[in-house]
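Hello,

Here is the structure we talked about handing over. Please look through it first; my notes follow below.

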Amino acid sequence: MPHGLRGFIESASLVLVEELERRTMAILKIAQMGNPVLRRPADRVPVKSITSPVLQHFVDDMIATMREYSGVGLAAPQVHESLQLVVIESIENPRYPQAPAIPLTVLINPAVEPLTDEMDEDWEGCLSIPEIRGKVPRYREIRVRAHDREGKPIDFSAKNFFARVIQHESDHLQGILFLDRMQKLGTLTYLAEYHRYWAKE
Ligand code: NI
């Protein structure tokens, strides 16, 4: 192949190579419960490095991975990178058919604080704990401060399902899994039984 990818890369300028890399997305492997990376507090992302091609490429890979596995959120430690970075999105999701829509959201170094003492219990699952669901109490409304993928500071409040997903994902950055947040393990259920007995609740 006279004009293969390698030849192109060797002859291309650095800018072109970066552009090419940026457009080549990969589906990343998901760390499963028991992997120590899920139990470590993640490192903060230096704000200056947010716009670097390497980090932007990684964010694109996380989004592609979340969509591939029909997650509504994904935290960097779940793909073996101990960094404070999460992606969230909810659009017509077969894993959560009743889930309200959430636009694509990238949160870097998020700080979450409750805006109310009120908590709701609802079902959660996790790509790192496959085939299991359980009811988890979460604050109904929260304030979130973070950086977006352009490195800009963002500060907003979130309610209900969006607030739940943010709390679940930011817990991953502290090494906390949803099982740790369950008050009782009585609602723990396999996915098949969830669909058979509980999904229409
Ligand atoms: Ni999770």
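Start with Ala 163, which sits in helix H4, residues 160-172. Keep in mind that this is a predicted model.

Is Ala 163 buried or exposed? Ala 163 has 23 other C-beta atoms within 10 Å. The cut-off for buried is 20 or more, so Ala 163 counts as buried.

What does Ala 163 touch, leaving aside residues up to four places away in sequence? The contacts are Arg 138, Tyr 139, Arg 140, Glu 141, Ile 142 and Ala 158. Arg 143 is 20 residues from Ala 163 along the chain, and their C-alpha atoms are 8.7 Å apart.

Now the sheet. Five strands make up an open sheet, with antiparallel pairing. The order is E1-E2-E3-E6-E7. Strand E1 (73-75) and strand E7 (153-159) are the edges, and each of them pairs on one side only. On average, neighbouring strands in this sheet are turned by 40° against each other, ignoring direction.

Strand E2 covers residues 85-90, and strand E3 covers residues 102-114. Five bridges link the two, in the antiparallel sense. Within this pairing, Ile 88 stands opposite Thr 105 in E3.

Best wishes

How values were computed
Residues numbered from 1 in each chain as written. Predicted model: local features only at pLDDT ≥ 70, side-chain atom pairs only at ≥ 80, totals over all residues. Pairing = 2+ DSSP bridges. Helix = DSSP H or I, 4+ residues; strand = E, 2+ residues; numbered from the N terminus. Axes fitted to C-alpha atoms, helices over the stretch in contact; angles between N-to-C directions. Buried ≥ 20, exposed ≤ 12 C-beta atoms within 10 Å, placed from the backbone. Contact = placed C-beta atoms within 7 Å.
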